[in-house]
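User: Got a model to go through with you. Can we start with one residue and then look at some helix packing?
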Amino acid sequence: MSEYPEAYTEEWRLARKPHKCCECGGTIFYKEKYNYCSGVWDSQGRSYKTCKDCYDLRQEISEDFSYDERPCFHDLWEYISESDYKPFLQRFIDNMDRRGKLVKPWMRERLRKCKNK
Ligand SMILES: [Zn+2]
């Protein structure tokens with residue numbers, strides 16, 4: 001569940017060096033555009049970098065939900081996993097593969113067992 005931040009900015013940045021995506025844990029490559037969010041939640045400043053693939057996925061998933069039902073940062077996998085919808089699971093795992101993040105065997109198992117195509 002997302003909480004409303006006390007302050008919030010969001011922008012697209014061009015990576016001047018590789019970064020790590022806060023969702024898939026994979027690499028945001030040099031010279032790739034990525035989404036940068038910073039804000040204050042519970043009086044704590046935080047910032048999040050999201051790769052384009054995870055950003056798109058998050059947008060798509062969030063479309064049908066009201067703000068406080070949308071996935072928080074870092075929660076995309078959990079959210080997708082709960083949705084039990086194969087195309088989303090597949091895309092998330094493909095993102096990880098493409099970005100050099102090790103996909104855990106139980107994640108592939110999760111995908112394999114998903115019946116909701
Ligand atoms: Zn990502």
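User: Where does Lys86 lie?
Analyst: Lys86 lies in helix α3, residues 86-98. Helices here are DSSP runs of H or I, at least four residues, and strands are runs of E, at least two, numbered from the N terminus. This is a predicted model: local features need pLDDT of at least 70, side-chain atom pairs count only at pLDDT 80 or more, and totals for chains, interfaces and linings use all residues. Residues are numbered from 1 along each chain as its sequence is written.

User: What does Lys86 count as, and why?
Analyst: Partly exposed, because Lys86 has 15 C-beta neighbours inside 10 Å. The cut-offs: buried is 20 or more other C-beta atoms within 10 Å, exposed is 12 or fewer, partly exposed is in between, with C-beta atoms placed from the backbone.

User: Leaving aside neighbours within four places in sequence, which residues is Lys86 in contact with?
Analyst: Cys114, Asn116 and Lys117. Contact means C-beta atoms, placed from the backbone, within 7 Å.

User: OK, helices. At what angle do α1 and α2 pack?
Analyst: About 45 degrees, with the axes of α1 (residues 52-62) and α2 (residues 76-83) 11 Å apart. Axes are lines fitted to C-alpha atoms, for helices over the stretch in contact, and angles run from 0 to 180 degrees between N-to-C directions.

User: Which residues meet there?
Analyst: Cys54, Leu57, Arg58 and Ile61 in α1 meet Leu76, Tyr79 and Ile80 in α2.

User: New topic. Where is Lys31 found?
Analyst: In the loop between β3 (27-28) and β4 (33-41). Phi of Lys31 is near 70 degrees, a positive value in a residue other than glycine.

Key. Two residues are in contact if their C-beta atoms, placed from the backbone, lie within 7 Å.
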